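Please find below a short report on the structure shown here.

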Amino acid sequence: MLAHTSACHICCLSRLFPSAAFSRAYTPSSRWHSACIPKRQVTCTMTPKRKLKYLVAVLSVLLFATAALAREHKLSSELNQHLAKLNAAASPEEASQRAAEMVDVIIQFRNGAQLPSQLEKVKGIGGQHKNTFNIINGGLFRVPVSLLSMLAHDPDVTYISPDRQTIKLSPNDYILDTTVTNPVINAGYTGAGIGVAVIDSGVKANHPDLVNLSTGYSRVVYSQSFISGLDASDQYGHGTHVAGIIAGNGYMSNGWMRGAAQRANIINLRVLDGNGAGTDSAVVAAIQRAIQLKNTYNIRVINLSVGRRVSESYALDPICQAVEQAWKAGIVVVVAAGNFGRDNSMNTNGYSTVTAPGNDPYVITVGALNTHATQSTSDDTMASYSSKGPTLFDHIVKPDIIAPGNRIVSLLANGSTLDRNYPANELSPAVYGSTAYTSSYATLSGTSMAAPIVSGAVALLLESNQYLTPDQVKGRLMKNATKIYRTYNTALGSNGLYYSNQTDAFVTGAGLLNTYNAIYYTDAPSGNSLSPIATRDSFGNVSMSMDRNSFWANSVVWGESVVWGDGLLTGSSVVWGDSVVWGDNTNSGFSVVWGDSVVWGDGITTTAFSEATTYDQN
Ligand SMILES: [Ca+2]
């Protein structure tokens with residue numbers, strides 16, 4: 001028998017895996033290899049541990065020297081990523097380090113392969129056998145990254161995948177599925193390079209889910225407070241939650257909770273104090289600042305999950321005029337519709353409760369859908385609190401679009417007002433598979449949570465085509481929204497009261513956000529995307545009146561029935577036909593209604609639209 005030395009370890013391994021990658025790399029002319037021929041006569045005396053050590057060292061250098069390897073089809077996408085990182089190593093030392101990283105994998109072997117011998121084979125090259133699964137003819141192993149490619153070339157192996165954590169379905173998965181955003185994320189869109197201004201209660205900039213994983217720096221790239229005496233931190237706990245829905249990357253939950261645009265940057269402009277209250281002047285100043293910073297941070301989106309009652313026409317309202325200027329400067333403005341859909345103080349069943357600046361015809365106004373925590377959309381209903389159109393004074397058809405807003409999990413600002421008042425809304429770390437002592441996430445509901453899903457989708461859309469104008473973005477989102485089947489029903493609120501639920505265009509707008517279709521259906525007529533005006537004739541018939549330069553007026557395929565589905569007519573009179581919404585077609589009819597500010601509260605002009613516990617059922 002041929003003398004065997006430690007230099008022959010490669011051959012021992014090649015015997016075990018005759019078709020492995022290295023056997024091609026080490027040709028018979030190789031000194032090491034040829035010294036071992038004939039292989040059948042070799043008795044390998046190395047211990048598995050020594051084999052592994054040598055293998056890692058040799059293969060890491062080999063892999064470093066090799067050009068990027070093709071994707072291994074028998075390895076899962078995560079494991080291919082491990083190999084990609086190995087190939088991207090900057091030095092042989094780093095390659096060696098990465099190659100030695102251990103991963104828990106489930107290896108499945110082909111039908112007919114004898115499981116005991118297969119298990120022994122993997123153990124023989126240094127894989128640590130942890131469990132056996134006869135039902136899938138496989139086992140759980142702990143192996144170094146350097147072995148993955150070799151294992152994938154073993155003809156007896158059919159598939160190798162990491163030992164993934166199986167935890168409760170991510171609540172954000174069904175949000176991203178419901179809005180058909182996951183396929184876009186899976187296609188590689190991340191919102192990288194897009195700046196989203198969050199005009200809110202501040203953002204916890206050092207939340208790990210808002211960190212750029214490549215640089216280690218926060219993706220909250222700019223922070224400024226517009227409240228005298230307060231810094232830009234999030235004392236209320238609202239803006240951080242909003243920012244996470246837009247751009248959280250799931251770092252603290254291993255990808256379990258994630259936002260739509262996981263690499264977008266956040267521009268934190270604080271306008272709400274520790275109780276969620278603010279002023280018009282702060283909002284206007286923040287919008288002005290966003291416009292000034294547009295080119296510096298590539299601010300393409302402003303998210304306003306804040307608002308207040310409508311007191312005059314949008315044409316006069318200063319915060320409406322401010323958002324219009326942002327729009328005209330090339331920034332998409334996404335605004336929460338408000339949470340007053342249950343307000344019947346005007347005997348309107350919640351109609352005409354969309355708040356400012358969501359009443360402006362330029363911006364994208366977002367209502368809230370209740371997904372009922374399932375991926376299927378068949379059980380979805382409108383959240384009964386979602387504010388309804390048409391707008392006061394101007395009768396603009398709002399909201400423009402809807403997105404999930406009920407029980408949304410996102411980033412927690414520990415110790416904030418919402419956190420202290422609603423500790424039960426914190427998610428236990430165990431829920432997302434973490435052993436951390438403190439939680440990183442909490443649940444909130446409201447149109448405040450629906451708007452940032454749309455903002456994140458807009459970031460992805462702009463990443464796909466940076467030249468889209470705000471009008472084109474709004475038009476694409478609305479035309480491609482999933483149309484809502486018109487229904488009428490009543491919903492039982494958690495407070496024991498029933499609320500009417502009619503899904504007409506004043507409730508659902510153009511339908512449910514569909515990010516995928518908005519990105520991949522690219523037709524676009526010329527014009528603007530001003531939301532239409534609802535008009536009522538002397539017979540009480542209600543219809544939409546389009547701006548003559550709008551997409552909807554300029555193209556049949558972008559017409560009312562295409563964009564708004566059944567439009568306004570079906571069953572509409574049941575709920576709002578005779579209501580005070582229309583008054584006598586003069587503004588004076590409404591000021592009386594709004595004269596009593598019980599609904600809105602006194603002293604607070606701008607508020608955050610979220611409730612931690614109230615809107616949890618319908
Ligand atoms: Ca559902």
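V198 stands opposite N268 in strand β7; strands pair if DSSP finds at least two bridges between them. The model is a predicted one, in which local features need pLDDT of at least 70 and side-chain atom pairs count only at pLDDT 80 or more, while totals for chains, interfaces and linings use all residues. Residues are numbered from 1 along each chain as its sequence is written, and side-chain values use heavy atoms, with hydrogens and water left out. Helices (H or I, at least four residues) and strands (E, at least two) are DSSP runs numbered from the N terminus.

Strand β7 covers residues 265-270, and five of its six residues are buried, where buried denotes under 20% relative accessible area, exposed over 50%, and partly exposed the range in between (1.4 Å probe, protein chains only). Strand β5 (residues 195-200) runs parallel to β7 and is joined to it by six bridges. Strand β6 (residues 220-225) also runs parallel to β7, through five bridges, and its residue Q224 stands opposite L269 of β7. Between β6 and β7 the chain passes through helix α11 (residues 239-247), giving a β-α-β crossover that is left-handed. A crossover is right-handed if the path from the first strand over the helix to the second runs clockwise, with the strands pointing away from the viewer.

## Helix α16 and the helices it meets

Two packed helices are described by the angle between their axes and the distance between the axes. Here, axes are lines fitted to C-alpha atoms, for helices over the stretch in contact, and angles between N-to-C directions run from 0 to 180 degrees. For α11 and α16, the axes come within 7 Å and cross at roughly 35 degrees. Their crossing is right-handed; that is, the near helix is turned clockwise from the far one by less than a right angle, and anticlockwise for a left-handed crossing. On the α11 side the residues are H241, V242, I245 and I246, and these meet S448, M449, P452, I453, S455 and G456 in α16. Contact means heavy atoms within 4.5 Å.

Helix α16 (residues 447-464) also packs with helix α17 (residues 470-479), their axes coming within 11 Å and crossing at roughly 115 degrees. These two helices are therefore roughly perpendicular to each other, on a scale where angles under 35 degrees count as roughly parallel, over 145 as roughly antiparallel, 65 to 115 as roughly perpendicular and the rest as oblique. The crossing of α16 and α17 is right-handed. V454, V458, L461 and L462 of α16 make the contact with V473, R476 and L477 of α17.

## The four-stranded sheet

Four strands form an open sheet in the order β2-β3-β1-β4, with antiparallel pairing. Strands β2 and β4 (157-162) are the edge strands, each pairing on one side only. On average, neighbouring strands of the sheet are turned by 30 degrees against each other, direction ignored.

Strand β3 (residues 138-144) is mostly covered, with six of its seven residues buried. Seven bridges link β3 to strand β1 (residues 102-109) in the antiparallel sense, and V143 of β3 is the bridge partner of V103. Strand β2 (residues 128-133) is antiparallel to β3 over five bridges, where T132 has G139 as its partner in β3. A hairpin with four residues between the strands is formed by β2 and β3, and N137 in the turn has a positive phi of about 50 degrees.

## Helices α5 and α7

Helix α5 (residues 77-87) lies across β1 and β4 and runs at about 80 degrees to β4. In helix α7 (residues 115-124), the buried residues are L115, Q118, L119, K121, V122 and G124. Just after α7, G126 takes a positive phi of about 110 degrees.

F551 is found in helix α20 (residues 551-554). What is the relative accessibility of F551? The value is 1%, so F551 counts as buried. Leaving aside its neighbours within four places in sequence, F551 is in contact with residues including D471, Q472, G475 and W558. The C-alpha atoms of F551 and L530 are separated by 8.5 Å, and these residues lie 21 residues apart along the chain.

## The chain as a whole

The secondary structure of the protein chain comes to 23 helices and 21 strands. Of its 618 residues, 56% count as buried. Among contacts between residues at least 6 apart in sequence, 77% join residues at least 24 apart.
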